[in-house]
Amino acid sequence: MYKYDEYDQRIVDERVAQFRDQTRRYLAGELADDEFRPLRLQNGLYIQRHAPMLRVAIPYGNLRAGQVRKLAHIARTYDRGYAHFTTRQNVQFNWPKLEDVPEILAELATVQMHAIQTSGACIRNVTSDPFAGVAGDEHIDPRPWGEIVRQWSTFHPEFAFLPRKFKIAVNGAAEDRAVIQAHDIGLDLKHDAAGRIGFRVLVGGGLGRTPVIGEEIAAFVPWQHVLSYCEAILRVYNLHGRRDNLYKARIKILVKALGIEEFRRQVDAEFAHLKDGPATLTEAEVARVAQHFDDPEYAELPAADAGFAARKAENKPFAAWAKRNVRAHKRAGYASVVLSLKPTGVAPGDISAEQLERVAELSERYSFGEVRVTHEQNLVLADVRQSELFELWQQVRDARLATPNIGLLTDIIACPGGDFCNLANAKSIPIANAIQARFDDLDYLFDIGEIELNISGCMNACGHHHVGHIGVLGVDKNGEEWYQVTIGGSQGNDTALGKVIGPSFAAHEMPDVVESLISVYLELRHADERFIDTVRRVGAEPFKTRVYADRAARLEDERKVVNG
Amino acid sequence: MAEIIKHGAIHADDWEVLHLAEGQDAATVEVEHGRWIVPFAVWHAQRDKLAARAEAGVLGVWLAGGDDPALLADDLVRLQLVAVDFPRFADGRGYSIATLLRARLGYGGELRAIGNVLRDQFFFYLRCGFDVIQPQPGRYSVEQLQAALASLADFSEPYQGAVDRAEPLFRRVRREVRA
């Protein structure tokens with residue numbers, strides 16, 4: 001994992017000093033609210049419903065044990081003893097005091113962490129594949145490129161005040177696990193025919209109010225030029241993106257307005273000037289960064305561990321966990337473990353200070369002291385020996401992090417929603433919890449199989465509802481909280497946007513609605529067909545019909561009860 | 001007299017910025033005697049008339065966020081002052097315009113940031129090639145400006161290249177991997 005040198009450390013230290021002074025001036029009345037807002041946002045600080053919220057960057061989702069312990073310490077000292085992992089691999093604290101934030105940032109800086117550009121109209125924290133470096137289908141490790149983009153984008157003076165936020169994701173495997181099609185820039189690492197490394201570049205993707213799937217702007221940009229090429233895209237966007245309407249200010253609107261051909265022409269014209277300029281990457285710099293991501297010292301192990309197989313055969317709960325939460329690893333005898341932050345009744349992505357400390361300790365004992373964050377809001381121990389999985393599972397289970405539901409219906413992605421967020425139209429967490437409670441039976445959950453259910457409390461789509469197999473969007477109807485349901489969305493290589501099934505539902509109806517959708521699937525599915533495959537094969541109609549028929553029947557029952 | 005920041009120090013300054021009032025026409029507006037920074041539209045319409053004053057160093061041109069700096073390319077040799085207006089401090093087009101003026105069009109004269117120019121952005125202005133920063137008159141006391149001078153050096157070794165230091169950190173210094 002990347003370790004700071006003196007330059008990296010100096011930059012975060014100088015940032016702490018800068019923000020300390022800005023906060024002091026704000027509290028002294030020298031800085032107006034409007035002037036302070038972008039400054040605090042670019043340090044991840046929101047003013048929320050109940051208290052400020054601080055979003056801390058986890059570049060491409062990588063953490064070390066010492067950093068995880070620091071997060072636990074911050075949760076306990078400055079917050080209410082827990083933290084929340086987000087769909088962009090970051091972590092949020094919901095209850096810090098504004099005047100404590102400079103001190104929190106100073107504490108983070110001691111473990112090479114910061115909150116730089118986790119919000120605001122700037123280039124945001126770069127995200128990537130949580131299984132980078134350990135996945136069998138990887139062509140090129142995306143982490144060094146994530147770090148290179150992180151450094152380039154940190155305090156980029158030309159792009160500090162863009163029309164709107166700007167998100168970059170990097171993927172380097174056959175399967176897209178970084179949602180690159182839903183980012184302002186998606187960087188897809190690949191080899192060309194001659195074996196040289198470069199990037200297929202996607203542009204203009206994004207969820208939010210106007211969901212758009214990114215389009216290919218360049219089939220192959222050689223690695224040396226990737227920063228210059230990004231700079232060309234950003235400059236065209238900075239100069240020509242709309243600034244008159246917040247809702248039309250993302251780059252996707254500019255790309256749509258110009259058309260991808262004209263947008264590409266403008267970017268290429270800009271790139272022609274920048275190509276081979278000083279931003280051109282050198283082999284030495286790439287090698288310097290890449291060294292930080294060299295494989296840990298793996299042991300030579302047999303491909304399959306006999307003890308692991310035997311434990312699975314004799315212990316059903318362990319087998320269930322191994323099936324759902326353990327993933328194949330590129331190295332013989334190793335596996336990656338997903339720690340579920342989705343037990344029933346807890347806000348998806350939430351974790352207590354005690355659990356964080358436990359995770360730090362387990363990562364040191366079993367996985368080279370590293371932890372990854374997934375955009376599905378779970379954690380990963382990437383390098384665990386198969387022979388130690390049983391022992392690890394027992395401890396993870398004791399820490400309530402072993403719910404065997406990864407990729408299943410209760411592994412819900414959800415934003416903080418109306419319980420915390422100022423922007424939200426409706427609550428997300430109670431909906432997630434109610435659905436989890438309804439589908440609490442593990443055998444039933446396993447029978448339903450792989451399905452992604454994503455919930456956003458408003459159209460800003462932090463819960464990625466558009467790309468959920470089932471998507472739930474909180475909407476406001478005359479001051480009441482209602483929920484619109486989509487089906488058929490998906491992330492990954494075949495990213496698709498879900499389609500709305502019809503009129504929205506009240507909160508208490510949501511478990512029934514999901515149950516109706518699932519019952520249609522269970523009746524219509526072919527063998528080994530996932531929910532999303534069935535939706536694609538039969539279309540949305542049977543699902544719609546059943547959901548609203550079941551709803552009508554429920555309303556009829558309620559009417560009868562009311563009328564005696 | 002306004003206070004400006006030039007080359008890291010506070011100076012008094014008597015340049016005035018001309019804004020077209022409602023109904024005023026760029027082609028016919030009278031640019032009075034004195035040191036004026038005129039909108040690009042006025043320069044464009046009255047170039048022949050104003051060129052001598054520009055060359056004498058008593059007339060400058062300011063660009064708005066929507067103005068294409070390339071349209072000024074042929075005039076840059078005779079202009080000694082170009083300003084870029086920030087209508088709102090959070091409107092960042094001026095950073096790209098300044099970068100293009102310096103790095104693309106080779107402008108070497110005074111480049112001034114005007115408009116809603118705030119101290120917490122001073123560092124970014126300098127990096128993008130502005131050498132003069134002109135906050136709105138009255139926005140800051142002299143004491144506040146004095147304090148703000150410190151923020152010009154908020155970050156001592158930025159990662160990426162920009163106008164002030166064209167080379168990125170990885171070209172400027174030798175970065176080693178720590179054992």
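Me: Leaving aside its neighbours within four places in sequence, which residues is A:Tyr60 in contact with?

Reply: In this predicted model, the partners of A:Tyr60 beyond four places in sequence are A:Gln89, A:Val126, A:Thr127, A:Ser128, A:Arg143 and A:Gly146. What makes each pair a contact is that the two C-beta atoms, placed from the backbone, lie within 7 Å.

Me: Why is A:Tyr60 called buried?

Reply: The cut-off for a buried residue is 20 or more other C-beta atoms within 10 Å of its own. A:Tyr60 has 28 C-beta neighbours inside 10 Å and therefore counts as buried. This residue is found in a loop, between strand E2 (52-56) and strand E3 (62-64) of chain A.

Me: What separation do the C-alpha atoms of A:Tyr60 and A:Asn125 have?

Reply: The two C-alpha atoms are separated by 7.6 Å, although A:Tyr60 and A:Asn125 are 65 residues apart along the chain.

Me: What makes the radius of gyration of chain A agree with that of a compact globule?

Reply: For 564 residues, the rule for a compact globule gives a radius near 24 Å; chain A has 23 Å, so the value agrees with the rule. The C-alpha trace of chain A spans about 75 × 60 × 55 Å along its principal axes. As for burial, 55% of the 564 residues count as buried.

Me: What share of the contacts in chain A joins residues at least 24 apart?

Reply: Among contacts between residues at least 6 apart in sequence, the share is 67%.

Me: Which domains does the assignment give for chain A?

Reply: The assignment gives domain 1 (6-109), domain 2 (127-291), domain 3 (306-398) and domain 4 (413-563). Taken over C-alpha atoms, the centres of domain 1 and domain 4 of chain A are separated by 34 Å. The contact between these two domains takes seven residues from domain 1 and eight residues from domain 4. On the domain 1 side, one residue is nonpolar, five are polar and one is charged.

Terms used: Residues are numbered from 1 along each chain as its sequence is written. Chains are lettered from A and ligands numbered from 1 in the order in which they are written. This is a predicted model: local features need pLDDT of at least 70, side-chain atom pairs count only at pLDDT 80 or more; totals for chains, interfaces and linings use all residues. The radius of gyration is taken over C-alpha atoms; the globule rule is 2.2 Å times the number of residues to the power 0.38. A residue is buried if 20 or more other C-beta atoms lie within 10 Å of its own, exposed if 12 or fewer, and partly exposed in between; C-beta atoms are placed from the backbone. Domain bounds come from an automatic or database domain assignment. Ala, Val, Leu, Ile, Met, Phe, Trp, Tyr, Cys and Pro count as nonpolar, Asp, Glu, Lys and Arg as charged, and the others, Gly among them, as polar. Helices (H or I, at least four residues) and strands (E, at least two) are DSSP runs, numbered from the N terminus.
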